[in-house]
Amino acid sequence: MIRFATIGTNWITEAFIEAAKKTEDFALAAVYSRTDEKAKQFAAKTGAERTFTNLEELAKSKDIDAVYIASPNSLHAEQAILLMDHGKHVLCEKPMASNTKEVKAMIDAARRNGVVLMEAMKTTLLPNFQAVREHLHKIGKIRRYFASYCQYSSRYDAFKQGTVLNAFNPAFSNGALMDIGVYCIYPMVVLFGKPNRLQASSLKLESGVDGEGTIIFTYEDMDAVVMYSKITNSYLPAEIQGEDGSILIDAIHTPTKVEIRYRDGRTEDITVPQEQPPMYYEVKEFIELIKNGKRESEVNSHEHSLLTIALMEEARKQTGIVFPADQ
């Protein structure tokens, strides 16, 4: 069994634990929160054996093998490096960190300590994303990738009333690009690698983060268009256009239906039944890396995480979105 601790007591940590419990080798050994009351409440809810309120004590614990980090983005790097320096494997929520400098430091710490570091990007490990990769050759020369993830945030209502919650606070390295734009960019990087250049535009809110934005990526012989928002909804599928056909993906963040529409009018449903919760597959990948003595995922690799954050940092630079972590 791999003995896990979790950092963060929000809904995503709860969803992670529920999914992880469906894997054979997961054991929830502890939960961490800055306050004792929250830690105990969350432990009671999730069945964790222990609670921690001191991160260094957690890092030093001999009863923990791996840690899932779901704290605010601005805390990822510092927490992950401390844990890895004490020999803990780290599964870190997306985005990996605030910027390229932090992600590089995290990767250095993982290699220095011989531990697994993996970004918890669920999309690229889901069965239907694997189906996209396997069938990509069928649509001929790829000419365009399009992905849209626009989801109105309930926290935007508070923002409009004058209350800036974490989701719209630059101190936590947040905003639309960091929170959900990453779901459009990471799969693009896994499928097509590094673009030659990008052109970004976004709507900057009064707090200093972006509410929505668009990025055009230019490759050698194709382009990619990415749209993201936390202040509007979108109902568009993602699409990969080839000269012989297009692959339609119902939702880029959690694909559940994938089909090919060929130029000659034929259609092919390449959907794979997904029997487990979306986060199950990332936990399974992470645990298998640890058990097999590997140090990084081939899909959610260090290279992919580094390239994704570099593209996001360039987009922020072009649109004037600056975090305290960038200083």
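Which residues does Lys122 touch, not counting residues up to four places away in sequence? In this predicted model, Lys122 touches Tyr183, His253, Thr254, Pro278 and Glu282, where contact means heavy atoms within 4.5 Å. Residues are numbered from 1 along each chain as its sequence is written, and side-chain values use heavy atoms, with hydrogens and water left out. Local features need pLDDT of at least 70 and side-chain atom pairs count only at pLDDT 80 or more, while totals for chains, interfaces and linings use all residues.

Lys122 sits in the loop between strand E6 (117-120) and helix H6 (127-135); helices (H or I, at least four residues) and strands (E, at least two) are DSSP runs, numbered from the N terminus. Although buried, Lys122 has no salt bridge. Buried means under 20% relative accessible area, with a 1.4 Å probe and protein chains only, and a salt bridge is a side-chain nitrogen of Lys or Arg within 4 Å of a carboxyl oxygen of Asp or Glu. The nearest side chain of opposite charge is that of Glu282, 7.2 Å away (Lys and Arg count as positive, Asp and Glu as negative; His and the chain ends are not counted).

Turning to Asp25, this residue lies in the loop between helix H1 (11-20) and strand E2 (26-32). Beyond its neighbours within four places in sequence, Asp25 is in contact with Met1, Ile2, Ile287 and Lys291.

As for the protein overall, 10 helices and 14 strands are found. Buried residues make up 56% of its 327 residues, and the C-alpha trace spans about 60 × 45 × 35 Å along its principal axes.

Terms used: Buried < 20%, exposed > 50% of the residue type's maximum accessible area, 1.4 Å probe, protein only.
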